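User: I am new to this structure and would like to learn how to read it. Could you take me through some features, one at a time?

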Amino acid sequence: MTLEPGTFLFEAWTARFALMNGLWVTMTSSFFSIVLATLAGLLMGVVLSYAWWPLRLLARAYVDFMRGMPVLVLILFTYYGLAMFRINVPPYWAGVIALAAFATAHVAENLRGAVQSVPAGQMEAAKAIGLNFPKRIWYVIVPQAVRRVLPPWVNTCLEIVKGTTLLSVIGVVELLLASQQVIARNYMVIDFYLMAAMIYIVVNFSIAQLGALLERRFSYIRY
Amino acid sequence: MSDQVLLQARGVRKSFGTVEVLKGIDLDVRQGQVVSLIGASGSGKTTFLRCVNLLEEHDGGDILLDGDPIGYRVADGRRKRLSETKVSAQRARIGMVFQSFNLFPHLTAEGNVMLGLTKVLGKGKAEARDIAGHWLDRVGLGARRGHYPYQLSGGQQQRVAIARAVAMQPRLLLFDEVTSALDPELVAEVLGVMQKLAEEGMTMLVVSHEMLFVREVSHHVVFMDQGRVAQAGSPAEIFDRPENERLKGFLGRFHAMFGQAV
């Protein structure tokens with residue numbers, strides 16, 4: 001354990017490829033999880049809001065199940081569970097699937113709330129011009145709901161990025177595990193954990209800024 | 001004005017739970033006519049209007065548009081509820097303007113008018129834009145076509161809403177207390193647009209508390225009271241020779257407010 005700038009810079013430079021690779025794995029796994037969760041979550045949110053009741057019930061059960069489960073358990077379950085059924089998924093993709101499955105529930109639930117908060121008059125106006133049900137949802141309700149769902153969606157994205165640290169337990173060498181491996185060689189515990197923490201903060205801060213930009217971009221959607 | 005009956009209501013009934021809101025409404029709207037529904041709050045005017053556009057389903061009686069029953073078809077002597085697609089097609093033939101405008105906030109004025117043209121009538125973007133431009137010009141908002149609803153005043157929003165409804169070339173246009181949510185100085189611009197439409201022969205069914213407008217523009221006035229048509233007739237009959245006691249009371253309150261102008 002040291003906090004010596006010269007030694008740290010030397011060690012960091014030596015480990016630069018391992019760390020960059022870790023950051024890359026963190027960013028790509030976050031990205032794939034976010035994309036999957038957003039698409040699946042939008043779909044499931046519409047199901048939660050409008051679908052035929054048995055489907056709605058199923059989606060409801062899924063959301064409640066996922067919200068009650070620790071993400072770490074879900075990750076272990078996905079990886080070892082799939083292996084038990086002789087489905088060999090690389091740890092990276094098992095992790096992405098688990099994170100996406102978790103975040104899908106959050107996106108879906110947030111979208112349902114957003115859909116409900118769109119004023120009833122919007123649906124009536126859409127009916128009045130003769131739009132059929134799918135068109136009413138797609139062209140009138142969803143755009144307004146998406147605007148409302150943006151702030152919680154950014155939160156979910158941040159949770160996913162932080163959640164990728166848990167993939168280290170199934171052996172995915174993301175930024176945290178990469179840092180640990182470096183520390184195992186040079187024992188500079190504080191230095192490299194601190195650096196990892198800073199990198200996570202910078203990544204998440206950038207995402208939050210991007211979210212704020214999107215919110216401003218859609219700020220014309222108001223009543 | 002032709003004599004052809006466009007909208008025909010016979011014995012229309014509607015209940016919300018145990019409360020019967022419409023207790024058998026009979027009403028005809030002829031092509032090119034402006035028919036106004038007046039009456040106190042809770043008399044069933046708005047509910048009737050919403051039944052015509054299938055925003056509410058009536059429980060009994062018939063509403064016929066061009067002779068076709070609204071909301072159901074008769075097969076083997078029994079009523080069958082129309083499919084969602086058929087209901088949407090019927091709604092496309094009837095325009096509606098709401099008290100609270102209900103413009104789509106994520107679309108510009110032009111986008112609001114274009115949505116139905118492209119997604120319901122299947123017109124191309126360019127043609128829809130031309131039609132939208134034409135109608136926005138007609139309601140005096142050609143220069144605001146690129147504005148979003150929040151950038152428009154209440155009166156302007158309501159005029160866009162009227163353009164959105166008229167652009168669909170509906171057989172019938174419904175107005176549900178369209179000036180009630182407006183500041184007094186904005187009411188005239190909206191009534192002006194409605195009057196122009198009426199003069200051009202648009203068939204309109206209007207729920208309104210603007211008695212001067214109702215008297216001036218309507219061909220036929222229906223006074224509703226507690227879910228029934230209490231008296232119906234020409235504006236002169238309703239306003240100058242009211243027979244129904246409740247109508248006299250109702251008009252009395254307006255006379256008290258506005259003097260003998262009404």
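User: Which strands make up the open sheet of chain B, and in what order?

Analyst: Strands count as paired if DSSP finds at least two bridges between them. Strands (E, at least two residues) and helices (H or I, at least four) are DSSP runs, numbered from the N terminus. Here six strands of chain B form an open sheet with mixed pairing, in the order β8-β9-β10-β3-β11-β12. β8 (94–97) and β12 (228–233) of chain B each have a single partner strand, so one side of each lacks a neighbour in the sheet. From one strand to the next, the twist averages 20°.

User: What should I know about the model and its numbering?

Analyst: This is a predicted model, where local features need pLDDT of at least 70 and side-chain atom pairs count only at pLDDT 80 or more, while totals for chains, interfaces and linings use all residues. Residues are numbered from 1 along each chain as its sequence is written, chains are lettered from A and ligands numbered from 1 in the order in which they are written, and side-chain values use heavy atoms, with hydrogens and water left out.

User: In which sense do β3(B) and β10(B) pair?

Analyst: β3 (residues 34–38) and β10 (residues 204–207) of chain B are parallel, with four bridges. B:Ser36 has B:Val206 in β10(B) as its bridge partner.

User: And how many bridges join β8(B) and β9(B)?

Analyst: Four bridges, again in the parallel sense. B:Gly95 faces B:Leu173 of β9(B).

User: Which residues are buried on each side of β8(B)?

Analyst: In a regular strand, side chains alternate between the two faces of the sheet. Buried means under 20% relative accessible area, exposed over 50%, and partly exposed in between (1.4 Å probe, protein chains only). In β8(B), B:Ile94 and B:Met96 are buried on one side, B:Gly95 and B:Val97 on the other. Both faces are covered.

User: Which strands does α5(B) touch?

Analyst: Contact means heavy atoms within 4.5 Å. α5(B) packs on the sheet and touches β8 and β9 (172–176) of chain B. Axes are lines fitted to C-alpha atoms, for helices over the stretch in contact, and angles run from 0 to 180 degrees between N-to-C directions. The direction of α5(B) makes about 175° with that of β8(B).

User: How many cavities of 30 Å³ or more does the structure hold?

Analyst: Rolling a probe the size of a water molecule over the atoms shows where empty space is left. A cavity is a set of points, on a 1 Å grid over the protein atoms alone, where a 1.4 Å probe fits but cannot get out; lining residues have an atom within 4 Å of a point. Grid points are joined across faces, edges and corners, and volume is the space filled by probe spheres set on them. The structure holds five such cavities.

User: Which residues line the largest cavity?

Analyst: The lining includes B:Trp135, B:Ile162 and B:Lys196. α4 (125–138), α5 (154–166) and α6 (184–199) of chain B each give two or more residues. α6(B) gives the largest share, three residues. Ala, Val, Leu, Ile, Met, Phe, Trp, Tyr, Cys and Pro count as nonpolar, Asp, Glu, Lys and Arg as charged, and the others, Gly among them, as polar. By that rule the lining has six nonpolar, no polar and three charged residues.

User: How many helices does chain A have?

Analyst: Nine helices, with zero strands. Of its 223 residues, 44% count as buried. The C-alpha atoms of chain A fill a box of roughly 70 × 45 × 25 Å along the principal axes.

User: How many residues of α6(A) are buried?

Analyst: Seven of the nine residues of α6 (residues 120–128) of chain A are buried, so this helix is largely enclosed by the rest of the structure. Among them are A:Gly121, A:Met123 and A:Ala128. Their cover includes α2 (16–50) and α7 (133–163) of chain A, plus α1 (45–52), α2 (84–92), β8 and α5 of chain B.

User: Is A:Tyr187 buried or exposed?

Analyst: Exposed, at a relative accessible area of 58%. A:Tyr187 sits in the loop between α8 (175–186) and α9 (189–217) of chain A. Its phi is near 60°, a positive value in a residue other than glycine.

Definitions and conventions
1 Å grid on protein atoms, 1.4 Å probe; cavity = no way out; pocket = protein on both sides within 12 Å on 5 of 7 lines; lining within 4 Å.
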